[in-house]
Amino acid sequence: MKRIFIQEVVARDGLQNENQFIPTDQKIALINQLSDAGVDKVEVTSFVSPKAIPNLSDAEEVMKKITRKPNVTYSALVPNLRGVERAMKCAVDELNLLVSVSETHNLKNVRRTTDQTFDSFKEIMDFLANEDIQLNGSLGTSFGCPFEGDIPEDKVLRLIDNYLELGISGITLADTTGMATPAQVYQLSTNVLNHWPDLPLTLHFHNTRGMGLANVHEAIRAGVTRFDASLGGLGGCPFAPGASGNICTEDLVHMLAFMGYEMNTDLDQLIGAANYLQSLLTHEVPGQIIKAGKITDLHSASQV
């Protein structure tokens, strides 16, 4: 079976949407548990304005104090050149850039058009010209926009080309508000990999309408092997009413493990990390496995 890469985004994409501030030492402990569980990548934080996202105001301290594992990539989202400068002082393994395919969503998110955002990326690439660092380019609203509706596939392909022309090595297609359908995912993934067979392609799904894991299944069928997910299913998009969280990491790994896929990630350790995350929050997480247990967890008939 295919080797599937699990890329964890709860420390950035999940926690940025929480109203309560998670103390720095607890963030660090959570990330260290994820590293120990064998995820392939952790998006540790985002170097954004602390006023914009208070829960990530400790980005430098978190990135500097986590325990690094040699087989884990530690990534950070950077919104602008200032964010890049901050990240480069913290030994980040990978910088993740983000632009929305939808003009309307991009304007709401960063107050710039798509073209203006790519112009700012050119400044970043010039700044990094002599630096040895991995660069990933993410495309938000790749599968649909809550304001514009359908997203033309040719625009997604054109913006991938724009990223690659800049020198970006990996691409993430994000279903920012959970509008993707399995058939759409299979078609777009197939067409992207037909254009760029060797492209390290990641898919980033939200489970807003309950199709997240079905979308993963169809992406794998199309040849995709890298997936973002968020522990406990935390996350969401602040610019789309009702847009709930990302696909849940432990639910994803549970499904793939029992389908026979190869992963580095240890499911039991992930479940432990999810329970630790639950203990930090004032609400339940959306994930199912920490509620129901694995399908191999049997119960005594006398207890039912």
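What does the charged end of R3 sit over? See View 1 for that one. A few ground rules come first. This is a predicted model, where local features need pLDDT of at least 70 and side-chain atom pairs count only at pLDDT 80 or more, while totals for chains, interfaces and linings use all residues. Residues are numbered from 1 along each chain as its sequence is written, and side-chain values use heavy atoms, with hydrogens and water left out.

**View 1. Charges over rings: R3 with F5, and K108 with F147.**
The charged end of R3 sits over the ring of F5, 4.1 Å from the ring centre. K108 lies over the face of F147, and here the distance to the ring centre is 5.4 Å. To count, NZ of Lys or CZ of Arg has to be within 6 Å of the ring centre and within 35 degrees of the ring normal.

**View 2. R12 and E43 meet in a salt bridge.**
The side chains of R12 and E43 come together at 2.9 Å, N to O. (A salt bridge here is a side-chain nitrogen of Lys or Arg within 4 Å of a carboxyl oxygen of Asp or Glu.) R12 lies in helix α1 (residues 10–14) and E43 in strand β2 (residues 41–46), so the pair ties together parts that are 31 residues apart in sequence. Helices (H or I, at least four residues) and strands (E, at least two) are DSSP runs, numbered from the N terminus. Both R12 and E43 are buried; the scale is buried under 20% relative accessible area, exposed over 50% and partly exposed in between, with a 1.4 Å probe and protein chains only. D13 joins in too: R12, D13 and E43 are linked in a network of salt bridges.

**View 3. Two further salt bridges, K69 with D36 and E61 with K65.**
The structure holds 11 salt bridges, and this close-up picks out two of them. For K69 and D36, the closest N and O atoms are 3.2 Å apart. That pair links distant parts of the chain, with K69 in the loop between α3 (59–65) and β3 (73–77) and D36 in helix α2 (residues 24–36), 33 residues apart. K69 is partly exposed at 31% relative accessibility, and D36 is partly exposed at 42%. The side chains of E61 and K65 meet at 2.9 Å, N to O. Both of these residues lie in helix α3, four residues apart, about one turn of the helix. E61 is partly exposed at 37%, whereas K65 is exposed at 51%.

**View 4. The second largest pocket has about 250 Å³ of space.**
Rolling a probe the size of a water molecule over the atoms shows where empty space is left. In this case, a pocket is an open set of points on a 1 Å grid over the protein atoms alone, where a 1.4 Å probe fits, with protein on both sides within 12 Å along at least five of seven lines; lining residues have an atom within 4 Å of a point. Grid points are joined across faces, edges and corners, and the volume is the space filled by probe spheres set on the points. The lining runs to 16 residues, of which Q7, K41, E94, Q134 and R226 lie nearest the pocket centre. Strands β1 (5–8), β5 (134–140) and β6 (170–174) each supply at least two lining residues, and β5 gives the most, with three.

**View 5. F143 and F205 form a tilted aromatic pair.**
A search of the whole structure finds four aromatic pairs. In this one the rings are 5.9 Å centre to centre, with 45° between the planes. Rings of Phe, Tyr and Trp (its six-membered ring) pair if their centres lie within 6.5 Å; planes under 30 degrees apart count as stacked, over 60 as edge-to-face and the rest as tilted. F143 is buried at 3% relative accessible area, and F205 is buried at 0%. Elsewhere, ring pairs link F118, F121 and Y163 into a cluster.

**View 6. A91 and R111 have positive phi values.**
Phi of A91 is near 55°, a positive value in a residue other than glycine. A91 has its place in the loop between α4 and β4 (94–100). R111, likewise not a glycine, has phi near 60°. R111 lies in the loop between α5 (103–110) and α6 (114–127), and is exposed, with a relative accessible area of 76%.
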